[in-house]
Amino acid sequence: MPLLELKSVNTFYGRSHILFDVSLSVEKGEVVSLIGRNGAGKSTTFRSIIGLTPPMSGEILFKGSPVNGLKPHQICRRGVGFVPEDRRCFPDLTVRENLEVVARRQKETASPWTIAKVYELFPRLGERENNLGANLSGGEQQMLTICRTLMTNPEVLLLDEPSEGLAPIIVKMLADMIVEIRNEGVTVLLAEQNIHFCANVSDRGYVIDKGALRYCGKMSDLVTDEEIKEKYLAV
Ligand code: ADP
Ligand code: MG
């Protein structure tokens with residue numbers, strides 16, 4: 001049984017039909033990429049999963065149980081963590097306070113995330129623990145928002161374009177971070193435009209274009225598939 005599964009999901013904004021029969025699955029322990037150009041439907045896929053824009057039809061299963069129809073906070077509580085693309089941390093709170101305010105589901109998971117564990121795995125945040133969110137660099141804010149969501153002890157983490165707009169050296173750091181998170185047993189679904197970033201951190205990927213999936217397979221096959229890349233990913 002996949003950890004997360006979408007079956008023929010159709011999602012609308014008002015009367016605009018955005019997602020067309022999107023079906024995908026993520027197994028426990030995987031890092032899976034959802035790759036597509038700007039406007040392809042990546043964020044809408046995440047909003048559908050988390051219940052912010054519930055699908056008009058289709059099914060979303062988490063650990064085999066349907067979650068469509070539930071409210072976003074109920075879906076989060078079941079173990080779905082969402083890091084939206086705006087990477088907003090609380091600007092007036094310190095790094096430590098940003099992490100403290102969200103700790104939950106502590107008793108429901110075998111090895112819950114703690115501030116100590118976050119600092120151990122991502123020392124940069126520990127060094128900045130007394131800095132205000134507003135005073136962090138873009139890359140540090142991205143790290144903090146990811147860790148803040150980890151503090152909710154998700155079983156699957158949805159990361160929406162974490163590498164967007166960040167310098168190459170920070171992007172490399174984020175890639176290492178995703179590998180660490182996977183090693184800690186958290187499953188990741190990653191939305192990206194940057195196929196090279198995905199190739200570094202995930203084994204399997206889906207390509208989305210105009211709200212429909214166009215490819216599903218190994219990342220190693222995708223990076224050499226010039227036709228798919230040209231058709232759906234080239235800018
Ligand atoms: P991506 O995350 O891949 O860049 P989105 O899921 O944000 O793509 O957008 C998919 C499509 O939905 C785009 O055509 C976009 O213009 C449209 N869209 C996104 N948000 C809204 C909204 N709130 N209302 C209407 N259309 C939207
Ligand atoms: Mg998006």
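**Ligand surroundings and a helix pair**

A backbone N or O atom of A40 lies 3.2 Å from an oxygen atom of ligand 1 in this structure, which is a predicted model.

Elsewhere in the chain, the packing of two helices can be described. In general, a pair of packed helices is characterised by the angle between the two axes and by the distance that separates them. For helix 6, which spans residues 138-150, and helix 7, which spans residues 168-183, the axes come within 10 Å and cross at roughly 15°. Since angles under 35 degrees count as roughly parallel, helix 6 and helix 7 are therefore roughly parallel to each other. The crossing in which helix 6 passes helix 7 is right-handed.

The residues that meet across this pair are G139, Q142, M143, I146, C147 and L150 on the side of helix 6, and I170, M173, L174, M177 and I181 on the side of helix 7. Sorted by class, the contact of helix 6 with helix 7 comprises nine nonpolar and two polar residues, with no charged residues.

Notes:
Residues are numbered from 1 along each chain as its sequence is written. Chains are lettered from A and ligands numbered from 1 in the order in which they are written. This is a predicted model: local features need pLDDT of at least 70, side-chain atom pairs count only at pLDDT 80 or more; totals for chains, interfaces and linings use all residues. Side-chain values use heavy atoms; hydrogens and water are left out. Axes are lines fitted to C-alpha atoms, for helices over the stretch in contact, and angles run from 0 to 180 degrees between N-to-C directions. Helices (H or I, at least four residues) and strands (E, at least two) are DSSP runs, numbered from the N terminus. Angles under 35 degrees count as roughly parallel, over 145 as roughly antiparallel, 65 to 115 as roughly perpendicular and the rest as oblique. A crossing is left-handed if the near helix is turned anticlockwise from the far one by less than a right angle, and right-handed if clockwise. Contact means heavy atoms within 4.5 Å. Ala, Val, Leu, Ile, Met, Phe, Trp, Tyr, Cys and Pro count as nonpolar, Asp, Glu, Lys and Arg as charged, and the others, Gly among them, as polar. A polar contact is a pair of N or O atoms within 3.5 Å; within protein, one must be able to donate a hydrogen and the other to accept it, and residues adjacent in sequence count only if both atoms are side-chain atoms.
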